[in-house]
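Please look at the sequence and the structure shown here, and then follow the explanation from the relation between the chains to the strands within them.

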2 protein chains.
Amino acid sequence: MAWFRLLAPKLQEVKLVSGDLAVSIGGSPRAMVKDERGVWSLTVGPIAPGIYDYTFEVDGLRITDPSSPDVFGNRRGSRGYVEVPGAEGAPRQDEWRDFPHGVVSMHWYVSPAAGGGRRRVHVYTPPDYGTDPSRRYPVLYLLHGAGDNDSHWVLLGRANVIADNLVAYGEAEPMIIVMPHGHIDVPAVEGEDRTARRRRTTVAFEKDLLETVIPLIETTYRVRRGREHRAMVGLSMGGGQSLHVGLRNVDKFAWVGAFSAAVGEMDETLSALATDESGLRLLWIAIGSDDSLMDRNRSFIASLKEHGIRHEYRETEGAHQWAVWRLYLGEFMPRLFR
Amino acid sequence: MAWFRLLAPKLQEVKLVSGDLAVSIGGSPRAMVKDERGVWSLTVGPIAPGIYDYTFEVDGLRITDPSSPDVFGNRRGSRGYVEVPGAEGAPRQDEWRDFPHGVVSMHWYVSPAAGGGRRRVHVYTPPDYGTDPSRRYPVLYLLHGAGDNDSHWVLLGRANVIADNLVAYGEAEPMIIVMPHGHIDVPAVEGEDRTARRRRTTVAFEKDLLETVIPLIETTYRVRRGREHRAMVGLSMGGGQSLHVGLRNVDKFAWVGAFSAAVGEMDETLSALATDESGLRLLWIAIGSDDSLMDRNRSFIASLKEHGIRHEYRETEGAHQWAVWRLYLGEFMPRLFR
């Protein structure tokens, strides 16, 4: 169960808005009810264990819950989130447990690909990184979606917690997880259309990743180098980036994945990919059945088949939301580096 | 100048609320004006360069700006902030510049002092930490206020940026800055009053810091050990903690400071402090002239004088706000470890 409350005597109409909770609240937005003291409330439940984002709509204005500290900013503004723990003895895969925890670090660096601008990258190191100074680790590059930045795979995706738990159970290899910033500004070119601009943006992202982020990581951390020890996956926009950059650079990445990917035109890349010799160890695609990007993903899978490119494809329940991305990360990581 | 806008046609009254900006906006809250499209607006300025927090009050409800990504959660809920850059050629001391940047890392650990609960600590390492593997660094323990947590000295205090800039100019020694979480839950004791409980909380914080955080830092990072290489300072509640823990443990900290401190009864500690032999290298106290904690700080300064304890005391302009705490950090750090 979750209890939503808002003290606002002067407002005329308050609704709870949450795509994540739409099923539990019987459609979103859902009206809240005011009592005689001016407290608007709504009780929701039972709710499956998980992390759900929400806003309130107050007299037509969508607001972030002002009395909760659990808020996050993204490209669209800000929102709040509410967390429902797993049942006793059945914690969620993305829930903090009493296992050793890894460290998450923020690095700021100058990016030639971004015109010399300053960019930030989040880096997770596994629990034994600090205690076993002789060990070197494989690296997963983990990309965010269009609404987010390099902080959201930790803040909302709980990538560090999922990794801690998988490593504790021996279900995944200890690995470093690098979460770069996916948005990059390229100077405008007169007369350029949206598609051309997006393509240039992806090229700039690829350049930033390959020429600046990877060298930064590989000179700062104890990593195993080479394609067999590098994986890349992303969600939505980041899924498109992962497929684009990963499949064009199979000499650098042997493990590639995409979650609910905003996958673009890839025929040229797929034709160039000499599958027998590519040495791609894993190409893993997943999407939820209620995702509006489903058609694009099915077309992409058809293209992979036409080109005879080995891959694994998962269609699950769910929409374009964090619940499926956390699930997919928990399925993808155990497949890597083994 | 800053421009505040909110699209909300159905609301009756919208105000900008900002203690930080009260002088610039002619008192807070300040009414915003609605145009025919339903956009509420207020233009403020000129505003001195800085970082200012704010909320909107919409028909009596205080909300976090829903369309800005620059929000933060704290113990009271959430707020937004707006940043005004320094003039051309005159950047603020807390403004990002093209200098090498340090790294900020988040560690999670189990705390016996908190009944085995999980706690988090932020750690800043200076720009050359990763490039000079033989160098060892002194450590500043930097404590937050009652409304905040271990993330706020980076998020709002810009401690990492201030440190980057000071080090680039050679004005401060490169140092590691450790930002622990200052709140700690202690089990309730029946019949205990607020003061007794607060004292027990401070003791638990001291135990967590001395027995768990410092060992974690000193086994994880290349630090110089010993009192001469350890400093501690905090703001508000953290200033009270810094004075309490620091002055009771001068064998562990040779440099102690307090910004706008919520300083409690300290006579016992001051009496026990054998000043000539204490070896305290610096005791630095600062507070703004409009701070409601002024009387408590002046009393504390009087006590220090009575006990003949050497100290430095600064009264500046300003209230109980981040603007003065960033300023004080920029003045305090250059005094350390030299």
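The paragraphs below take up the conventions, the symmetry, the interface and the sheets in turn.

This is a predicted model, in which local features need pLDDT of at least 70 and side-chain atom pairs count only at pLDDT 80 or more, while totals for chains, interfaces and linings use all residues. Residues are numbered from 1 along each chain as its sequence is written, chains are lettered from A and ligands numbered from 1 in the order in which they are written, and side-chain values use heavy atoms, with hydrogens and water left out.

A rotation of 180 degrees, with 0.0 Å of shift along its axis, superposes chain B on chain A with an RMSD of 0.0 Å; the superposition is by least squares on the C-alpha atoms of residues with pLDDT of at least 70 in both copies. That is the relation of a two-fold axis. Within chain B, the C-alpha nearest the axis belongs to B:Ser105, at 1.9 Å from it. Both copies use the same surface, since 100% of the contact residues of chain B recur in chain A, where contact means heavy atoms within 4.5 Å.

Chain A and chain B each bring 36 residues to the contact. The area buried between them is about 2900 Å², of which carbon and sulfur atoms give 64%; buried area here is the accessible area (1.4 Å probe) that two parts lose on being put together, summed over both. On the side of chain B, the residues that lose the most area to chain A are B:Leu61, B:Trp108 and B:Arg118, which together account for 20% of what that side buries.

What polar links cross this interface between chain B and chain A? Five residue pairs, both residues at pLDDT 80 or more, are in polar contact, a term for a pair of N or O atoms within 3.5 Å in which, within protein, one must be able to donate a hydrogen and the other to accept it, and for which residues adjacent in sequence count only if both atoms are side-chain atoms. The rule finds zero salt bridges between the two chains, a salt bridge being a side-chain nitrogen of Lys or Arg within 4 Å of a carboxyl oxygen of Asp or Glu.

In chain B, β1 (2–7), β7 (61–63), β8 (71–74), β9 (77–84) and β10 (103–111) each supply at least two residues of the side that touches chain A, strands being DSSP runs (E, at least two residues) numbered from the N terminus. The largest share, six residues, comes from β10(B). This strand also pairs with β10 (residues 103–111) of chain A in the antiparallel sense over three bridges, and two strands count as paired if DSSP finds at least two bridges between them. In this pairing A:Ser105 stands opposite B:Ser105, and B:Ser105 is the residue whose C-alpha is nearest the axis in chain B.

Within chain A, an open sheet of three strands has the order β1-β5-β4, with antiparallel pairing. Its edge strands are β1 (2–7) and β4 (33–34), each of which pairs on one side only. Two bridges join β4(A) to β5 (residues 39–44), and A:Lys34 stands opposite A:Trp40 there. Elsewhere in chain A, β2 (residues 14–17) runs antiparallel to β6 (residues 50–58) over four bridges, with A:Thr55 as the bridge partner of A:Val17.

Chain B likewise has an open sheet of three strands in the order β1-β5-β4, with antiparallel pairing. There β1 and β4 (33–34) stand at the edges with a single partner strand each, so one side of each is left without a neighbour in the sheet. Six bridges join β1(B) to β5 (residues 39–44) of chain B, among them the one between B:Ala2 and B:Val44.
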